[in-house]
Amino acid sequence: MVQIVCTLLLFMVIIFPIGNYVYHVSVGKRTFADPVFDKMDNFVFRILKIDTSTMTWKKYAMSLLMVNLCLVFIGYLILRIQSIGFLNPNGISGMEESLSFNTIISFMTNTNLQHYAGESGLSYLSQMLVIIMMMFTSAATGFSACIAMIRGLLGKKMGNFYVDFIRIINRFLLPLSMIIGLFLVWQGVPQNLNSNIELTTIEGKIQEIASGPIAALESIKHLGTNGGGFLGANSATPLENPTIITNIIELFSMMILPVSCIFVFGRMAYDKHEESKANNRVYTLSTKNCNRANKVWIGKEGRTIFVAMSILFVIGLGVCFWSESLGNHAVAQAGITETFGNMEGKEVRFGVAQSALFTTATTSFTTGSVNNMHDTLTPLGGLVPLMHMMLNVVFGGAGVGLMNMLIYAIIAVFICGLMIGRTPEYLGKKIEGKEMKLAALCIIIHPLLILGFSALAVSIPEGVNGITNPSFHGLSQVLYEFASSAANNGSGFEGLLDNSLFWNMSCGIVMFLARYLPIIIQLGIAGSLMNKIDINESTGTLKTNTLTFAIILVIVVYIFAALTFLPAIALGPVAEMLTL
Amino acid sequence: MKCLFNKLKTPFKLSLVMFVICGLIYPMLMTGLSQAIFPHQANGSLIEIDGKVIGSELVGQDFTDERLFHCRPSAVNYNTFTQNEKESKGQVLPSSGSENLASSNPKLEKRINDDIEKFLQENPTIKREDIPADIITASGSGLDPHISVDAANVQIDRVSKNTHISKEVLKKLIKDNIENKLLGIFGEEKVNVLQLNLSLIREIKQS
């Protein structure tokens, strides 16, 4: 308990300078590292002959899709021919079609759902060229889309996709990945290109130990909220996550980018507010100086979103930790006292506290890496990760989490508008029929994909054959798999036998639709709001920068989730808990 | 058609640049730096004794010898196997993971009961209710190198009987091998089984 609080407090300390830096990178303000990075950016712009002028939302979305399309195409080819001798010391053979399809969609959409085991499924060439590369590009894609949406909502120009994309990789993801990667190596994560180690133990047995460029993958895996492990058991393995220090580093690095997005949003909203204030009154030098004096970190609008997300996070974390501390039913049945809580599927070095924290964070920030096996969580402990993926707004993945939350904010504003009889407005823009239709469409896609495909899977033998745990938990496995795909999370109730044609294809389709449809719709909403004239704040305006609105937002999120997911959850984890 | 080609030109070139920067330069640079600064860790933190590699600090092993301390149950058997098994299987790739049995799954109860029976047979002096939970539950990775301090202490009787080393010495060995919480707050108290066994073997050789 104490260590969970300390870990989160420590995170609050480091996130302020980092959020500030990401804000500067996003809006193109000067930072201390510009002399180096300007050269890098300009070099890339020059060799690609990129036109850096601002785009319309349609062109922005189109460029995003085209870049992703090209990456998918080349990546798929590499997966299929990975058996060639280059960077393949363990002699891994090529990947089969449906699995390659699933894998490439999974990594391009920032999901990182893995229907293969890293040790036997991928050569080092694929791990580097496809997996590591896509971890950078998919995170940058999500982040760019988010920045563009914020700009649109605030009535600024949309910006240029290529510029946003290259800037965030060059100035944030690459340098930070290297620093974090070296920290991980220092703690024991391997980083080499040698074949697996075969050794003879003191008992005379033979042991195989996996090897490879693990640290390079590990750092960007968390930083980009990707989550696909180098090895089958992901961050639970002592090779990917050897100590408590690496566990905290990995935890923090997956939380950095989603929270930074909120900082960027809050600061940009604040900047706009200040600009309009400045335009509305006589602008004297003294007020300008006065404004400069008080340093703004997150901005009021950003604070609202941050508080709302934090409330959701802490509730989930509390339930998960409490349920795991109570222990495993099967162990208790066998007459064993569990002093440390449920240890089945957990590592001794992390224990229940760090495991519950990691589980809640990885599904809230939609990273999907695991440091314990989610299938072996207690029913309520497993409900929390499932629920957070169904909500998909508890911080969420790089960029897209904030985008989803902004959609919920628009809906919350609309509902409040109906209740108090005012025209709904958000960030000084009127929300009208067109935006509401798009927002409603955007929000319905997620449950439709999860519940629709789960229903399909449990009604045909190809789907049912994958289920490995009996009774209610079997349904949870199916729900979890599609919730994970649709939230672009990537963790799993790993017992599911998911490397089959049906599971590969269905999950691939869900991941694809769940990633690109919302991004396009969200950019569309931003594009439509961008062109509207700002309305002045009056006494009748619903304030969206208050604690009250944060609580409204939490309630709206929970009500919406309850309306859509309650029956499924009642049949899965809740029924499992009640029957134990 | 030509229009589409033009539209794809920049994205395609950008993709190629990304493959080179993020997919090749970055991991290669990382490999170079790690090998130069932390060669021991970058190559798997291997433990060598008399010039022979006998294990990794990070990965547990499937100890079965009655004189040694044992690890937790593993779904992948710590990727260890005998010479015969290796010959029959040919090339073996390592794996990791757990059995993923839900707490409501009757198979989990059965497996735990089997593990308890096995443990009680090996350690006849121990009562069922004194068995710590971690030694009869499987780890998430199947490679967990640690056991809790209780789980080490509960094996003292057996190790002492088979090695003829006094319980006090064994207790001290365990105490010396305890890895504490970081700053007294983060993580759990634990014992690395391979390290403990190595100090135990040194003790046996001395006596």
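Student: Which strand of chain A pairs with β3(B), and in what sense?
Tutor: Strand β2 of chain A, residues 206-209, pairs with β3(B) in the antiparallel sense over 2 bridges. Strands here are DSSP runs of E with at least two residues, helices are runs of H or I with at least four residues, and both are numbered from the N terminus. Two strands pair if DSSP finds at least two bridges between them. This is a predicted model, in which local features need pLDDT of at least 70, side-chain atom pairs count only at pLDDT 80 or more, and totals for chains, interfaces and linings use all residues. Residues are numbered from 1 along each chain as its sequence is written, and chains are lettered from A and ligands numbered from 1 in the order in which they are written.

Student: What stands opposite Ile206(A)?
Tutor: Phe81(B), in β3(B), stands opposite Ile206(A).

Student: How many residues does each chain give to the contact?
Tutor: Chain B gives 91 residues and chain A gives 97 residues; two residues are in contact if their C-beta atoms, placed from the backbone, lie within 7 Å.

Student: Which element gives the largest share on the side of chain B?
Tutor: The largest share of that side, 21 residues, comes from α1(B).

Student: Now the sheet in chain B: what is the strand order?
Tutor: The order is β4-β6-β5 in an open sheet of 3 strands with antiparallel pairing. Because β4 and β5 of chain B each have a single partner strand, one side of each is left without a neighbour in the sheet.

Student: Which residue stands opposite Ile147(B)?
Tutor: Val191(B) in β6(B) stands opposite Ile147(B).
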